[in-house]
Number of protein chains: 4
Amino acid sequence: MGNSFGSLFKISTWGESHGGGVGVVIDGCPPLLALNEVDIQRDLDRRRPGQSKITTQRDETDNAEILSGVFEGKTLGTPIAILVRNEDAKPEAYEHLKNTYRPSHADFTYDAKFGIRNWQGGGRSSARETIGRVAAGAVARKLLDETTDVEVIAWVSQIHDIKADVDTENVNFDEIEAQITRCPDTEASAAMVKKITEAKKAGDSLGGIVTCLIRGVPAGLGAPVFDRIEADLAKGMLSLPATKGFEIGSGFSSVLMKGSEHNDEFAPGEKNPITKTNNSGGVQGGITNGSEIIFRVAFKPTATISSTQETVDNENNPVSLEAKGRHDPCVLPRAVPMVEAMSLLVIADHWLRDKSVRVLD
Amino acid sequence: MGNSFGSLFKISTWGESHGGGVGVVIDGCPPLLALNEVDIQRDLDRRRPGQSKITTQRDETDNAEILSGVFEGKTLGTPIAILVRNEDAKPEAYEHLKNTYRPSHADFTYDAKFGIRNWQGGGRSSARETIGRVAAGAVARKLLDETTDVEVIAWVSQIHDIKADVDTENVNFDEIEAQITRCPDTEASAAMVKKITEAKKAGDSLGGIVTCLIRGVPAGLGAPVFDRIEADLAKGMLSLPATKGFEIGSGFSSVLMKGSEHNDEFAPGEKNPITKTNNSGGVQGGITNGSEIIFRVAFKPTATISSTQETVDNENNPVSLEAKGRHDPCVLPRAVPMVEAMSLLVIADHWLRDKSVRVLD
Amino acid sequence: MGNSFGSLFKISTWGESHGGGVGVVIDGCPPLLALNEVDIQRDLDRRRPGQSKITTQRDETDNAEILSGVFEGKTLGTPIAILVRNEDAKPEAYEHLKNTYRPSHADFTYDAKFGIRNWQGGGRSSARETIGRVAAGAVARKLLDETTDVEVIAWVSQIHDIKADVDTENVNFDEIEAQITRCPDTEASAAMVKKITEAKKAGDSLGGIVTCLIRGVPAGLGAPVFDRIEADLAKGMLSLPATKGFEIGSGFSSVLMKGSEHNDEFAPGEKNPITKTNNSGGVQGGITNGSEIIFRVAFKPTATISSTQETVDNENNPVSLEAKGRHDPCVLPRAVPMVEAMSLLVIADHWLRDKSVRVLD
Amino acid sequence: MGNSFGSLFKISTWGESHGGGVGVVIDGCPPLLALNEVDIQRDLDRRRPGQSKITTQRDETDNAEILSGVFEGKTLGTPIAILVRNEDAKPEAYEHLKNTYRPSHADFTYDAKFGIRNWQGGGRSSARETIGRVAAGAVARKLLDETTDVEVIAWVSQIHDIKADVDTENVNFDEIEAQITRCPDTEASAAMVKKITEAKKAGDSLGGIVTCLIRGVPAGLGAPVFDRIEADLAKGMLSLPATKGFEIGSGFSSVLMKGSEHNDEFAPGEKNPITKTNNSGGVQGGITNGSEIIFRVAFKPTATISSTQETVDNENNPVSLEAKGRHDPCVLPRAVPMVEAMSLLVIADHWLRDKSVRVLD
């Protein structure tokens, strides 16, 4: 349990950072969708380490192989299994971590739960696990592209104390991808690069915020009660490594508003009512109202740093952990496709679920 | 779909604010747990409207009846069905809302999804739905009380711009319950009462923050990947009405820290390593580390207010919505048992799931 | 776990034979379906004890109350909770069974699993639990009636050694209901009544077979692999009390045929291919082919009899169990609506699931 | 949906007979179980075609690769992904089937459901899909071997009209494996070989029955209501290709017994009550009573035969289907490990589920 996400567009990821590989099985993708490995590779390349000077240098190409579910370029409606082999296997590089619990990593908690862990580079808790999610997200994107007007884009809106100024109405994918930070505010982006480079030199790491915008969602997606669309988004985001917070629409700032200020009044739209403001973030009572969904995700600074840290070993003795090897000074640029993937999965799932609702009229 | 929560301690709620009643079925509560209606009523009374001068006056006693799953004062291991009848049924009080979409309510979105809604007082989107959750949470609390050291307490830490100063190490249930605000900082509480009273008079509403603390959680609860304990908590919280944000441990403030500042170094504890700081909020890699879990939930100001608002009717024509009837100026005090309930359900579920993990040694 | 059935048309039953009542929550019934208690009562009346001279005399009216999910005579798309109160509560009638394990009942196995059981009349293992299923089946029938050509009818095709001769092409509901045995072969039915009456007098019980026919199923329902429609039907049937076997189409008799005899050759139909024979029972590879689905379910003779039996008590001591009270000499007539209900639930579920499959073309 | 089985020991299979390969992801296998590819290969070898002169000659070695979830020879508690590459890819051998619906195959029904199918050798409906199940079953067997006394053995008890005489008390794995028929009655086995050889020559196919015996099951496994252990077994068995029937204990023959004959009287056992007879097949009310579980599964003659058959093409025109290529005259010997696998999966799942039941005492 715990390795699947979604109900009708359901994904199950598997794999450790070291060992045969990582991958995903997608169960529920409709048949007749044009799909090939190129569709998937684009997002995997945006996720992979080593894509720019400001990320970690783990040098893997992360090539996706589709093992099933596609025939003559189209999905069959059967499970789509995707495999990415592990390449960068240098177990000896991790030998010194065999008995040591790195601070703010999952070494101790995995041992506490399972009584065993793959100490080679994070094992299942490695961000490498997100390869399966990003691959599945690319399939969800293809499905939504073919069948809806939904567009999911995310960007880095803050790194440490540098906040970007982004015009959410007009921001587009190309602008974001043009920056190695994936922050479309060029000025802020430059400052971020500088800050990340400093952190890298200092052997330290930085956190930040990813903002995600979902345009073109029809009204009526989501569900009352537990599977509210914002609840599923929150779960998806907090299931990503290094996330510490989620807020939708007005989020935590709603606290300082009064009801009379916060309420999104309706006005007649072309076919449906539209809201004059969007404090709701596109969702009311767990169901989309046709406005854009907008939310923000907080990522802590990654736990791998290059300074010496005090910790304990697996026999509860104090030890000093020497810095070794590479570290990723800031995961934010690579987190963007992860946030997109989880969003795409949530929307695709609810969109398929919605097909079984209005069958009478 | 969408009305169940949990996997091994699974609840399914049902019911609209008007009609026969609301309730819950709990599937998976272990047998031989002492349980009766009094155990449940305590939390229902903390949730119900009309319990103090600062909440809405909907006057319902919300008496729980256990319909199944308990025999001679003990659980049977079979589903526990709990029913609370609706009493306050004055459909005529809602007649003017039949064709009107109230701003920031779920009227329009339910119509968009289902093509029909119970316009009598919110129907399924009413906060009355949370009765089933709170009742189930009380059962989860009983189970955890009997079998673990887990203690879940929540309090109001902010209303509008009034922030409480709370000693999280020592805060206790009685202190919290002593205040009608459920804010244990007496000074802040008094200011909150004043602010809420003003808002009530003005026909307006206020938002705020509930902080939740989970003590005594053993290390090793939770799961890698999608069912991370913080992901399940985030889903639980964002599934509550009027919530806009969730953060755990350092939360959004982690963004301003560096890895060297944020990492929770380990030190030898009595049996297990303990952390010197708790920026992680008790969870690493989705699994508890034995520290306290602490998180915060943002609630927007409730949508029902007493001033006139512009909106549209269900034929997309502009209308003015006149204020009528009662409103709840601030849902925060009543939100506390809801936040506790969802936390208890998440912990109980993962605690039961954990039983099937370490079966070899 | 274990008290829910279905994925999109999902039901959760609850309740013991003694205590507050029994019931069901249906999650996933589409909105805008006309529904009231009369729709449900018809099938509950066909299921209830005491409806004819050949069934047990437990005298309950089993009146269904819809507690939620219906508004102004139409479903809301929210959970439909249905409650049937227990009436016939005479716990003293069961006092002698408190410590005794009745042969071929679930008394011992419940104790083995749960360490506790409601010894008043079978508790959760009572056939009374099927009330929730039959009520839910009635809702599924209404849904399928409104939206498809599906017709589910079942009848008693054998009791003990008396086999009915039924023209499956023309058999109809009224013919079946005209017989208290629910066997449409009037001659066989008369012989069955005689046999059951003898068994009743002798304090003994009889088993039999229910045949179920599903007409009007479109081609393409079901799924490859685990959720084959025959697998879901088999699970549904074997989950009914007292069932010992399931066979579809040629069933166990297929064993005596060769491939060249058993294969159902296709011929051009009006729009789709049709099969010349139906050894497949309407299903190939787990998916319907448009032919009628036909299957048979074996029911053992019920365990409650009136002769003295040797058994043990809950301290593993031998005891003699004296016959007391009423017994049902043959459950078959009442099993018919149960078999129909489970079939309707399986078909409704797959029919809703199918809505999310062909979304591209 | 539809490609997963189990709740706590959950498997998801994927793959078509042609394309990259087939495989399975096992989610929920406990950590610290010794496991390697040899454990899995043994059962895969028993399942694969070409293992004896009486099976089809598709010549594949079906080598399993464990891609994740195992580290230094032990399970990690994370998903175990297993891959078996497809080798025997001769798409041209199937070109003539591209537009033709083979009788009693799933060609038409897949097209009806999905609008597309992999016409190269059955695709997802191929028995090759069961590789994933058998691999997962081998892991379940390892788990049960390490932690319980459960032993699952199955054998061929009938082929066409040849019935075996098997001493269920003493029959063992080696006796069964000594026969290429997997029928431990040597005389019957010889007759079966003769019959199969004749059918092979005639280009025809034969059905039969597999009997499965589960020894050493503790009392108390299973669940009331829908997840009765016999219901889960029935679903597992009817989800296997070519199955038409399932019966447990007395099965269909129970119909000819009276309650007084059928009831399994209890007698004091060593610790628990034992039954004098076992008409129940080891299960009462869906829960095991400590007796052996015994059930039978009917397999129809396989659909691929070598005579010319009348059928239609995918434009609903009549065509004659010429016999081509290899066929499997009798799937029964290879069905034995499939039946075992599904049984092992059901038992392992319920055994893990049971861990969360008796947590109070």
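## Basis

This is a predicted model; local features need pLDDT of at least 70, side-chain atom pairs count only at pLDDT 80 or more, and totals for chains, interfaces and linings use all residues. Residues are numbered from 1 along each chain as its sequence is written, while chains are lettered from A and ligands numbered from 1 in written order.

## Where the chains meet

Chain A gives 96 residues to the contact, and chain B gives 96 residues (C-beta atoms, placed from the backbone, within 7 Å). On chain A, the side touching chain B holds 38 nonpolar, 38 polar and 20 charged residues. Here Ala, Val, Leu, Ile, Met, Phe, Trp, Tyr, Cys and Pro count as nonpolar, Asp, Glu, Lys and Arg as charged, and the others, Gly among them, as polar.

## A sheet across both chains

Ten strands form an open, antiparallel sheet, in the order β10(A)-β9(A)-β11(A)-β17(A)-β12(A)-β12(B)-β17(B)-β11(B)-β9(B)-β10(B). Strands are DSSP runs of E, at least two residues; helices are runs of H or I, at least four. Strands pair if DSSP finds at least two bridges between them. β10(A) and β10(B) stand at the edges with a single partner strand each, so one side of each lacks a neighbour in the sheet.

Three bridges join β12(A) to β12(B). E247(A) stands opposite G245(B), and G245(A) opposite E247(B).

## Helices on the sheet

Helix α6 of chain B (residues 229-238) lies across β12(A), β12(B) and β17(B), at about 160° to β12(B). Angles run from 0 to 180 degrees between N-to-C directions, with axes fitted to C-alpha atoms, for helices over the stretch in contact.

Definitions and conventions: Two residues are in contact if their C-beta atoms, placed from the backbone, lie within 7 Å.
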